[in-house]
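User: I have a model open and want to go through the fold. Can you walk me through it?

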Amino acid sequence: MTLAIAVDDRPPDTVVWVGGELDLTTAPELLQALTRLVDDGYHHLIVDLTGLDFCDSSGLSVLVRVKNRLDEVGGDVTLAGATPIVERVLEVSGLAEVFGSYPSVAEAHSAQLRALDPSVVDDR
């Protein structure tokens with residue numbers, strides 16, 4: 001299976017939708033796409049995992065590398081909509097807590113807003 005990536009960079013968020021299988025073969029493609037966004041100045045990313053059927057350690061490694069890069073520039077990456085099997089991988093690895101993993105993009109967006117400014121109330 002292949003990996004599909006779609007980027008929606010309309011304000012207020014940069015949402016990266018990922019679908020298919022994220023494994024040793026496809027992980028470099030996601031790393032390249034996310035790195036390009038960070039290099040282009042997008043420092044607050046939401047990765048929408050609703051279409052991801054599978055994620056192995058190579059995929060987790062990509063997410064960690066991008067998070068570390070964003071930490072260096074004062075940014076963040078939040079995960080949203082993980083399928084049950086991917087959510088389980090995130091939980092077992094401890095990365096669900098590290099990234100923040102939310103049921104939907106809207107909830108991830110609200111969490112990012114609160115992290116940036118705790119006084120903000122999102123009325124979406």
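Analyst: S2, helix H1 (residues 27-39) and S3 form a β-α-β unit that is right-handed; a crossover gets that label if, with the strands pointing away from the viewer, the path from the first strand over the helix to the second runs clockwise. Helices (H or I, at least four residues) and strands (E, at least two) are DSSP runs, numbered from the N terminus. The model is predicted: local features need pLDDT of at least 70, side-chain atom pairs count only at pLDDT 80 or more, and totals for chains, interfaces and linings use all residues. Residues are numbered from 1 along each chain as its sequence is written, and side-chain values use heavy atoms, with hydrogens and water left out.

User: Where does the chain go from S3?

Analyst: From S3 the chain crosses through helix H2 (residues 57-72) to S4, and this β-α-β crossover is right-handed.

User: How do S2 and S3 pair, parallel or antiparallel?

Analyst: Parallel: strand S2 (residues 14-22) and strand S3 (residues 44-55) share eight bridges. Pairing here requires that DSSP finds at least two bridges between two strands. Valine 15 has isoleucine 46 in S3 as its bridge partner.

User: And how many bridges join S3 to S4?

Analyst: Five, with S3 and strand S4 (residues 76-80) running parallel. Leucine 45 is bridged to valine 77 in S4.

User: What about S1 and S2, parallel or antiparallel?

Analyst: Strand S1 (residues 3-8) runs antiparallel to S2, and six bridges join them. Aspartate 8 stands opposite valine 15 in S2.

User: Is S2 largely enclosed or open, and why?

Analyst: S2 is largely enclosed by the rest of the structure, because seven of its nine residues are buried. Buried means under 20% relative accessible area, exposed over 50%, and partly exposed in between (1.4 Å probe, protein chains only).

User: Change of topic: which residues touch the most other members in the largest nonpolar core?

Analyst: Val18, Leu34, Leu45, Leu49, Leu52, Val66 and Leu90, out of 28 residues in that core. Such a core is a set of buried Ala, Val, Leu, Ile, Met, Phe, Trp, Tyr and Cys residues joined through side-chain atoms within 4.5 Å. Two or more residues each come from S2, H1, S3, H2, S4, helix H3 (84-93) and helix H4 (95-99). H1 gives the largest share, six residues.

User: What does leucine 34 touch?

Analyst: Leaving out residues up to four places away in sequence, leucine 34 touches Val16, Leu45, Val62 and Val66. Contact means heavy atoms within 4.5 Å.

User: And lysine 67, buried or exposed?

Analyst: Lysine 67, which is found in helix H2, is buried, with a relative accessible area of 17%. With residues up to four places away in sequence not counted, lysine 67 touches Val77, Val98 and Phe99.

User: How many residues count as buried over the whole chain?

Analyst: Of the 124 residues, 44% count as buried. Among contacts with a separation of 6 or more, 68% are between residues 24 or more positions apart.
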